[in-house]
Amino acid sequence: MQIIKDRHLIEDAWQFPADGEPLPAGDIAVSIARWQQEKTQLLNRTAKLGIVIEPADTLADIAGDLPHFALAAINFPAFTDGRGFSHARLLRDQYGYTGEIRAIGQFMVDQVFYLSQTGFDSFCLAKPADLPAALLSLNDFTVSYQNSIFS
């Protein structure tokens, strides 16, 4: 499946096993609950490790573990739930996270530019047909009223 990463279309190698499913080989991202339950086993893997953050999750619960994660995938269960914007901003500003922050779930193409301003650098859209429009939307504006996380 293709995603947008660093303003380019790429093939995605990450897998997102559900809680309770066997862990596949390769790069995986797991829920905070699974991380907390299986931390030792997950740290013994040789592939990259990521974390899936839900809107109601508390980032302070994983703050000390952030160096272990190459990916923080922030889920948007509905495009009207904006807590993911705050999670990304906190990861970059408050916790100093420098890894990939990916938007997953039900966000809209119209939100991609604003997501990028808060720290997201990759996007997995629910509809792959929207990828070209989302990529173009990253250039929608040349001036912002608010500072970007990257300003």
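Modeller: Asp6 is partly exposed, with a relative accessible area of 47%, where partly exposed lies between buried, under 20%, and exposed, over 50% (1.4 Å probe, protein chains only). This is a predicted model in which local features need pLDDT of at least 70, side-chain atom pairs count only at pLDDT 80 or more, and totals for chains, interfaces and linings use all residues. Residues are numbered from 1 along each chain as its sequence is written, and side-chain values use heavy atoms, with hydrogens and water left out.

Colleague: Where is Asp6 found?

Modeller: Asp6 is in the loop between β1 and β2, strands being DSSP runs of E, at least two residues, numbered from the N terminus. Its phi is positive, about 50 degrees, although Asp6 is not a glycine.

Colleague: And what is phi of Arg7?

Modeller: Phi of Arg7 is near 65 degrees, again a positive value in a residue other than glycine, and Arg7 is partly exposed with a relative accessible area of 43%. Most residues other than glycine have a negative phi.

Colleague: Which residues are the bridge partners of Ile4?

Modeller: Ile4 has Leu9 as its partner in β2 and Phe123 as its partner in β7. β1 runs antiparallel to β2, with four bridges, and antiparallel to β7, with two bridges; strands pair if DSSP finds at least two bridges between them.

Colleague: Changing topic, which residues touch the most other members in the largest nonpolar core?

Modeller: Ile53, Leu91, Phe120 and Phe123 do, in a core of 32 residues, a nonpolar core being a set of buried Ala, Val, Leu, Ile, Met, Phe, Trp, Tyr and Cys residues joined through side-chain atoms within 4.5 Å.
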